[in-house]
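I opened the model today to look up a few things about it. My notes follow in the order I made them.

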Amino acid sequence: DYAVNLSYFVEDLLDIFGSNVPILIAELGQEGASPQQYSVFLTREAQISVVESFSLPNVVFLPTSPYVVTTDPRFDGVHHYYGRADTIIQIGKAFGREIIR
């Protein structure tokens with residue numbers, strides 16, 4: 001079960017690196033704000049529930065779907081986020097902002 005395994009992973013990170021280590025759980029966001037696949041929706045829900053279960057300010061859910069550009073051109077449908085560097089750059093900037101927060 002994804003949520004159980006993710007929860008164990010977060011617990012392990014906290015045990016190994018200490019309770020103050022920043023942990024960012026990035027949203028499975030490659031389909032944008034309205035995922036077409038139900039499995040993507042379920043994964044996002046699991047990610048949010050795991051972060052909320054820890055109730056720690058350093059364990060954070062980071063939305064990535066707002067940065068997805070779903071319009072053409074799509075460079076390679078096989079890769080996440082339609083192979084668009086502009087999307088990946090914006091997600092990276094969001095990671096940076098969150099990690100220094």
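I first settled what counts as an element: helices (H or I, at least four residues) and strands (E, at least two) are DSSP runs, numbered from the N terminus. With that, I read the pattern along the sequence as α-β-α-β-α. The protein has three helices and two strands.

I noted that this is a predicted model, where local features need pLDDT of at least 70 and side-chain atom pairs count only at pLDDT 80 or more, while totals for chains, interfaces and linings use all residues. Residues are numbered from 1 along each chain as its sequence is written, and side-chain values use heavy atoms, with hydrogens and water left out.

**Overall figures.** I found that the C-alpha trace spans about 45 × 30 × 20 Å along its principal axes. The accessible surface (Shrake-Rupley method, 1.4 Å probe; for residues, only the protein chains shown count as cover) comes to about 6400 Å², and 59% of this belongs to carbon and sulfur atoms. Of the 101 residues, 36% are buried. Buried means under 20% relative accessible area, exposed means over 50%, and partly exposed lies in between (1.4 Å probe, protein chains only). I also looked at contacts (heavy atoms within 4.5 Å): among those between residues at least 6 apart in sequence, 55% join residues at least 24 apart.

**The strands.** How do strand 1 and strand 2 run? Strand 1 (residues 23-26) and strand 2 run parallel and are joined by four bridges; two strands pair if DSSP finds at least two bridges between them. Ile 25 stands opposite Phe 61 in strand 2. The chain goes from strand 1 through helix 2 to strand 2 in a right-handed β-α-β crossover. Right-handed here means that, with the strands pointing away from the viewer, the path from the first strand over the helix to the second runs clockwise. In strand 2, Val 59 and Phe 61 point one way, Val 60 and Leu 62 point the other way, and all are buried.

I found Tyr 38 in helix 2 (residues 38-54). Is Tyr 38 buried or exposed? Tyr 38 counts as exposed because its relative accessibility is 57%. I then moved to Ser 55, in the loop between helix 2 and strand 2 (59-62). Ser 55 has a positive phi of about 50 degrees, although it is not a glycine. Its relative accessibility is 62%, so Ser 55 counts as exposed.
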